[in-house]
Amino acid sequence: MNSFRVGIAGFGAIGQAVAQSLDAGLPGLTLSAIAVRDPNAPPAFAWKNGAPTFTTIDALAQHCDVVVECAPAAVFRNIAEPVLRAGKKMVVLSSGALLRHEDLIDIARQHGGQVIVPSGAILGLDAITAAAEGVIHSVTMITRKPVRGLLGAPYLIDNNIDIEGITEPRLIFRGSPREAAVGFPANLNVAVSVSLAGIGPDRTTLEIWADPSLERNLHRVEVVSDSASFSMEIQNIPSANPKTGRITAQSVVAALRKLTGPLRVGT
C-alpha cells in the first residue's frame with residue numbers, strides 16, 4: 001500500500017475536521033504538517049496521536065506528499081505553486097481561485113504534480129466527468145441561497161441590487177461560472193467544480209437565486225449529453241462554520257482515502 005504524508009493549509013472548520021479524521025487514523029495517510037499564520041503560536045486542538053508540525057504556507061510542501069487547501073482564496077497561489085512545482089498532489093477546495101490561476105495546471109503537468117478537486121458541497125461530479133468522455137450538450141446549475149448568504153457579494157454591490165428586504169425568491173444572476181467566480185467569490189466554488197468536470201466555466205450556465213424562505217443552500221444540476229440526461233439536487237447541512245456544509249470536509253477525507261484504499265468506488 002502506498003503511504004502519503006498529508007499537509008493542511010488553513011485550520012478553520014474544514015481544516016480542523018480533516019485533521020481530526022487524519023489524527024484518528026486513515027490507512028496509509030499521516031498528518032504531517034499544518035500551515036497557519038503563526039507557527040510559533042499554533043491553535044489549541046485535542047490531538048490523540050501527537051501534534052503535527054506547524055509551519056508556514058511557504059514551507060508546507062517540504063513536509064508533505066499531499067496538501068489539502070482550505071485557506072482563504074487570496075493565498076491560493078502561495079499554497080499551490082510550491083506544491084505543484086515539487087511534483088506533489090494538491091487537493092483544492094477554492095476551485096474558483098483556480099480559474100484565476102489556470103497556469104498552475106500547466107505547472108502541475110510540467111513537474112508531475114496533480115490538482116485534485118473533491119466534490120465538496122456539490123454532487124454528481126463523477127457522472128459529469130463520465131459524460132464528458134462523450135458529448136455534453138448542456139450543463140445548467142441552479143443555486144438557491146438564503147438572503148444572508150449573498151449579502152455583500154461584489155456583483156450585487158456593483159449592480160445596485162438590493163435583496164435584503166425581499167419576500168419572494170429572486171433571480172439575481174444568470175451567466176457563466178467564470179463570471180460568477182468574480183461576482184460571488186465567497187459562494188460559487190461548487191459551480192466552478194461542476195464546470196471543470198463538464199464543459200468548462202464559459203459554456204456552463206449558472207443561475208443564482210436569493211430565496212428568503214431557505215435556511216440552507218440548495219444546488220440543482222441538470223445535464224444533457226449523448227450518453228445520458230440527468231438531474232441532481234443537494235441541500236447541505238451547515239458545519240460549525242455556517243457558510244460551510246458538513247459534507248465538504250467529508251468529501252476531502254473520502255478523496256484522501258481513495259489515494260491508498262484497496263477499493264475505490266466511483267469514477
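Student: Which residues is H219 in contact with, leaving aside its neighbours within four places in sequence?
Tutor: The model is a predicted one, in which local features need pLDDT of at least 70 and side-chain atom pairs count only at pLDDT 80 or more, whereas totals for chains, interfaces and linings use all residues. Residues are numbered from 1 along each chain as its sequence is written, and side-chain values use heavy atoms, with hydrogens and water left out. Taking contact to mean heavy atoms within 4.5 Å, and leaving aside neighbours within four places in sequence, H219 is in contact with A121, I122, M141, I142, T143, V190, M232, E233, I234 and N236.

Student: Is H219 buried or exposed?
Tutor: H219 is found in strand β10, residues 218-225, where helices (H or I, at least four residues) and strands (E, at least two) are DSSP runs numbered from the N terminus. Buried means under 20% relative accessible area, exposed over 50%, and partly exposed in between, with a 1.4 Å probe and protein chains only. Because its relative accessibility is 2%, H219 counts as buried.

Student: What distance does the polar contact between the side chains of H219 and T143 have?
Tutor: A polar contact is a pair of N or O atoms within 3.5 Å; within protein, one must be able to donate a hydrogen and the other to accept it, and residues adjacent in sequence count only if both atoms are side-chain atoms. T143 is also among the residues in contact with H219. The polar contact that joins the two side chains is 3.0 Å.

Student: What separates the C-alpha atoms of A153 and P185?
Tutor: A153 has its place in the loop between β7 and α6 (154-158), and, because its relative accessibility is 5%, A153 counts as buried. Not counting residues up to four places away in sequence, A153 touches G183 and F184. A153 and P185 are 32 residues apart along the chain, and their C-alpha atoms are separated by 7.5 Å.

Student: Why do the buried residues of α1 line one face of the helix, and within what arc do they fall?
Tutor: In α1, the buried residues are I14, G15, V18, A19, L22 and D23. The arc is that of the directions from the helix axis to the C-beta atoms. Seen down the axis of α1, the buried residues line one face because they fall within an arc of 160 degrees.

Student: Which elements do the buried residues of α1 pack against?
Tutor: On the other side of α1, Q20 and A24 are exposed, and just after the helix G25 takes a positive phi of about 115 degrees. The buried residues of α1 pack against β1 (4-9), β2 (29-35) and α9 (246-260).

Student: Which elements do the buried residues of α4 pack against?
Tutor: In helix α4, residues 103-111, L104, I107 and A108 are buried. Seen down the axis of α4, these residues fall within an arc of 100 degrees, so they line one face of the helix, while R109 and Q110 are exposed on the other side. The buried residues of α4 pack against α2 (76-85) and β6 (114-116).

Student: Which residues form one aromatic cluster with F45 and W47?
Tutor: Rings of Phe, Tyr and Trp (its six-membered ring) pair if their centres lie within 6.5 Å, and planes under 30 degrees apart count as stacked, over 60 as edge-to-face and the rest as tilted. F45 and W47 form a tilted pair, 4.5 Å centre to centre with 55 degrees between the planes. The residues that form one aromatic cluster with F45 and W47 are F11 and F54.
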